[in-house]
Amino acid sequence: MADLTSLTSSAYSQALEVIASVEPRIAEATRKELADQRSSLKLIASENYASPAVLLTMGTWFSDKYAEGTVGHRFYAGCQNVDTVETIAAEHARELFGAEYAYVQPHSGIDANLVAFWSILAHRVESPALEKLGARGVNELTDVDWETLRHELGNQRLLGMSLDAGGHLTHGFRPNISGKMFHQQQYGTDPVTGLLDYDVVAAKAREFKPLILVAGYSAYPRRVDFAKMREIADEVGATLMVDMAHFAGLVAGKVFTGDEDPVPHAHVVTSTTHKSLRGPRGGIVLATEEYAPSVDRGCPMVLGGPLSHVMAAKAVAFAEARQDSFKTYAQQVADNAKSLAEGFMKRGAKLVTDGTDNHIVLVDVSGFGLTGRQAESALLDAGIVTNRNSVPADPNGAWYTSGVRLGTPALTTRGFGHDEFDNVAELIVHVLQNAEAGTTKAGGPSKASYLLPDGLADKVKAASAEMLDKHPLYPGLELT
Ligand code: PLP
């Protein structure tokens, strides 16, 4: 048998030829995307590089199959192979995370959260109401009872972490559906340390009495004590939902164990599969037996037909994450984040929470006289891909921001270690120290434009290229 790398090279080369025969511009953009990803320092905390096995699994005829329903209980005929795929993916997910139940159909993290919200509402609000009324389903309700139930479903309380403290917009942010369908309140972080204060969360929960307490984050550079969160939820009768979209890889790789592993503590855990977990773009919901039947109603509650080709790729990614090498990878992700954080701090940069103990580093760029938007753009010019992010109580709001969020999962996949991440910190500090805030057309201070000294971007790119060449993306993969 030919070796896997040359098989992958010919698989992609041939696939691109087939695509080019129909729409050459798409084949070209696909080639260019690989070249761009290979030649930039990818530090977006929510991105990674899935393996060729995961990527190839997505490009099959499973994409053509409708399979609404659940395994063995589909609304379409001919789903026997989708049943196989979904069963294997769910088995791997349960084993990987030690979960009682896994639902692998959500198309994305937001979908997973919607499934979770509605299954908690179905379990805690709809089912008891139906039981009280002696109805087997909502179709049996009178119009009056249905209106009463709809009103109740739409008026429950949710407490989640605020966006500028690092929460996600689906955790009750007003412009998101979660902020509109729930009465929501948010908890933040300590204004001095930037850390979660569990006493403050508990006090808010006691006062607000949420139906759902959401834990989890997109931009909080620290670990969370989920045992404490569960205690808080239990005290006020809330369902604890943890969104581990960002750190699922660290849970799978057993970097987060005990109180830091959400699965034994939460009633419902949601995740994406494409961030630190390094799978295909998608979502999952893990649940206790108690919540499993309502989670299983994700379709038709909020989902349509599952993406069977992506469920297949989830199964492959979970199988990869169950290998010992994934544990080594996950630990390296966390170690590298520490190296990156130390690299910044020793060069005088300010970090939110003064460090990290997960995969995220949040740099407060206001000390460089820049907004997050200016810093993000200047870094991109120099071939360093990051994203701007609010810092707690951000004076520049969610658009311009005062922070830049960095993550280590992607470059760790490429094989970067301590020394490279220290170099990355040096390059970033160099760019930020030399970038200057620009002016608006009218001559006033601008939050968007910036100036970089001539030649600086090219010098940084050359220094990055040396590291990137040592750690190629998809080594040996050559497109013809
Ligand atoms: N939850 C968290 C914590 C996230 O960080 C994200 C994505 O950034 C999501 C959910 C949404 O994931 P997706 O983009 O797959 O919908």
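**Where the two domains meet**

The domain assignment of this protein, and such bounds come from an automatic or database assignment, gives domain 1 as 62-321 and domain 2 as 324-470. Please keep in mind that this is a predicted model, in which local features need pLDDT of at least 70 and side-chain atom pairs count only at pLDDT 80 or more, while totals for chains, interfaces and linings use all residues. Residues are numbered from 1 along each chain as its sequence is written, and side-chain values use heavy atoms, with hydrogens and water left out.

Taken over C-alpha atoms, the centres of domain 1 and domain 2 are separated by 31 Å. The contact, meaning heavy atoms within 4.5 Å, takes 26 residues from domain 1 and 26 residues from domain 2.

Between them the two domains bury about 2100 Å², 59% of it on carbon and sulfur atoms; buried area here is the accessible area (1.4 Å probe) that two parts lose on being put together, summed over both. On the side of domain 1, Pro-221, Arg-222 and Arg-278 lose the most area to domain 2, together 29% of what that side buries.

Arg-222 also forms a salt bridge with Asp-357, the closest N and O atoms being 3.5 Å apart, where the term requires a side-chain nitrogen of Lys or Arg within 4 Å of a carboxyl oxygen of Asp or Glu. Between domain 1 and domain 2 the count is one salt bridge.
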